[in-house]
Amino acid sequence: MTLKGPRLLARLAPLLVLCALAACTDGDGSLDGGPDAGAPDCVRAGGQLDCSEMCSSYCAKLVRCGVQSGGSSCTEDCRTLTEAGASTESYQCVIDKTCSEISNCGI
Amino acid sequence: MRDRQDLLRDLQLRHLTLAALLLASLPARAQETPPAGAAPSSTETPADPRPRVLVLPYRVDPRVPVEPATADAILVARMSKVGSFKIISEQELARVAGYHAQQMQLGVSEDVEGLLQLGRMAQADRLVSGTLGDVGGTTAATLVFINVHTAEVEKRVSGTAKGERDLILPLLNQQADAMLAHMIRTYGATAEGPKPAPQASAAPAPAPTAAPVSDEKKATAPKARVGVSPFVALASSAFTGGLGFALSTFIAGALIYWFAPGLRPTVEQPGPLAVFGIAGGVATLAVLISGVALLAALIIDNA
C-alpha cells in the first residue's frame, strides 16, 4: 500500500494553510475589510508629528473597502491635516472598524 | 426622479438648514454676525482680511442613499476646522437663498456662471460646491473649489463608492479632507486658527502659527497600541514554530533520503530516517491544529 499521497498532502498542508491565510488577510494578520491589527499611530520625531504610516493605513483601508477617490492624494491630504493639528481620531476609527462600520467614524 | 426645478427648490430650503449648521458649528463667528436687518456684511470685509468662502449645499441625486443635510454637515464641519478663511455667515446665505429663489422664478440654470453669481452676491472670494450622483448603483461625488474673482476652478476632487451609505459617508469625509488640505496648503494656515494677515495692520500681531499641534491635541492623541490579542499571538507563535519545524524535518529527511540511500528505511530496518518521518508527521499535525487555532483567534479578534 502506498502512502505517498497522504504523506505529500500532510506535508503540503502547512503551506496550504499559510497560503490561505495570506490570501484572505490584509497582510497584517487581519481579515480583509476588517479592522487592521496593530494600526499605526502618529509618531513624534524631532518635534514634528509624523502621520505617514497612519495615513497610509487609513487610505489603504478606504481603497480595500471600495472607496475610490481621484484628483487628490489621500495620504498627502491626510498628512497635511493631521500634521497641522487636526484630530487623528476619525482616521484611527476607520482603521479600527470593518468596512460596514466606517460610516460611523465621525465628521 | 425629480426634475431640475425640484432639485433647485430643495437647494433653496437647504440653504437655511446649512445656515443653521454653520451657526451651530461656529459659535464664535455667530457673534461677528450683525443682527437681523442690519446693513449688508460688506462693511465687515475690510475689518476681516481673511478670504471669504461660501459653502454651497450639496446637489444630491435622490437615488443616492445619503440625506443632503448629512452631506452638508460633513462639509461644513470640515470647513469650520480652519480659521484662516471666513465661512460665509447666515445673512449672506439668506441673501443667496433669496437670490436663488429669484433665479428659480426666472428659470435661470445652475451652471458655473450661476454659482459665480451666487458667490459674488455673497461677496465671497471662493466657493465650494459639491454634487452627489448615481451611476448604476455607484455613487459619484465631486467637490469643486472655485475662485469667484477669476472663475478658475482651483481644486476639483472626485471619487466613487459603492452605493451603500456605509461607504458614501467615508468618501464624503475624504473629499472634504482633500478640500480642507488644499485650503491649508494654499493659505498656509494651521487647523487651529488664522495665520497672521499679510496686510499691514495696526493691531498686535496674532500668535505665531508655527506649532503644528496644540497641547490639548497632544494630550488627546491616541497612544500606540498592542497589535494583536495574546491568544492570536500564542496561536501565531505555535503555527510559525510548528511550520518551521515541519519544514526543517521535511528538508532534512529529503536530503538524507536522496543523498544517503543506505539509510533509507525498510520494514525490517526502519533506521534513523524513520525518526524524521515521525517528527515531521507530528510537526505537520501541530501545524494543522495551530493553524486552525490561529484562524479561530483571528476571527474572534476581528469580531
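The model is predicted: local features need pLDDT of at least 70, side-chain atom pairs count only at pLDDT 80 or more, and totals for chains, interfaces and linings use all residues. Residues are numbered from 1 along each chain as its sequence is written, while chains are lettered from A and ligands numbered from 1 in the order in which they are written.

Chain B averages a pLDDT of 70, and 63% of the residues score at least 70. Over residues 15–46 of chain B the pLDDT is below 50. Beyond near neighbours in sequence, this stretch has 43 contacts in the model. Two residues are in contact if their C-beta atoms, placed from the backbone, lie within 7 Å. Residues 192–226 of chain B also have a pLDDT below 50. That stretch has 38 contacts beyond near neighbours in sequence. The scores of the model are ipTM 0.73 and pTM 0.56.

The strands come next. Two strands pair if DSSP finds at least two bridges between them. Strand E4 (residues 126–135) of chain B runs antiparallel to E5(B), and 10 bridges join them. B:Val135 stands opposite B:Thr138 in E5(B). The hairpin of E4(B) and E5(B) has two residues between the strands, and B:Gly136 takes a positive phi near 60°.

E5(B) also pairs with strand E6 (residues 152–162) of chain B, in the antiparallel sense and over 10 bridges. Opposite B:Val153 in E6(B) stands B:Ile146. B:Leu143 faces B:Val157 of E6(B) as its opposite residue. Four residues lie between E5(B) and E6(B) in their hairpin. B:Ala151, in the turn, has a positive phi of about 65°.

Strand E3 (residues 68–70) of chain A runs antiparallel to E6(B), joined by three bridges. A:Ser69 stands opposite B:Gly159.

The helices follow. Two packed helices are described by the angle between their axes and the distance between the axes. Axes are lines fitted to C-alpha atoms, for helices over the stretch in contact, and angles run from 0 to 180 degrees between N-to-C directions. Angles under 35 degrees count as roughly parallel, over 145 as roughly antiparallel, 65 to 115 as roughly perpendicular and the rest as oblique. A crossing is left-handed if the near helix is turned anticlockwise from the far one by less than a right angle, and right-handed if clockwise.

Helix H2 (residues 52–64) of chain A packs on helix H4 (residues 89–96) of chain A at about 50°, with axes 9 Å apart. H2(A) and H4(A) are therefore oblique to each other. Their crossing is left-handed. Residues of H2(A) in this contact include A:Met54 and A:Leu62, and those of H4(A) include A:Tyr91 and A:Ile95. The contact residues divide into seven nonpolar, one polar and one charged. Ala, Val, Leu, Ile, Met, Phe, Trp, Tyr, Cys and Pro count as nonpolar, Asp, Glu, Lys and Arg as charged, and the others, Gly among them, as polar.

H2(A) also packs on helix H3 (residues 74–83) of chain A, at about 135° and with axes 9 Å apart. H2(A) and H3(A) are therefore oblique to each other. This crossing is right-handed. Among the contact residues are A:Cys59 of H2(A) and A:Cys78 of H3(A). They divide into six nonpolar, four polar and one charged.

H3(A) meets a helix of chain B too. The axes of H3(A) and helix H6 (residues 165–187) of chain B come within 9 Å and cross at roughly 60°. H3(A) and H6(B) are therefore oblique to each other. Their crossing is left-handed. The contact includes A:Asp77 and A:Leu81 in H3(A), and B:Leu180 and B:Arg185 in H6(B). Its residues divide into seven nonpolar, two polar and three charged.

Note on methods:
pLDDT is the predictor's confidence in each residue, from 0 to 100.
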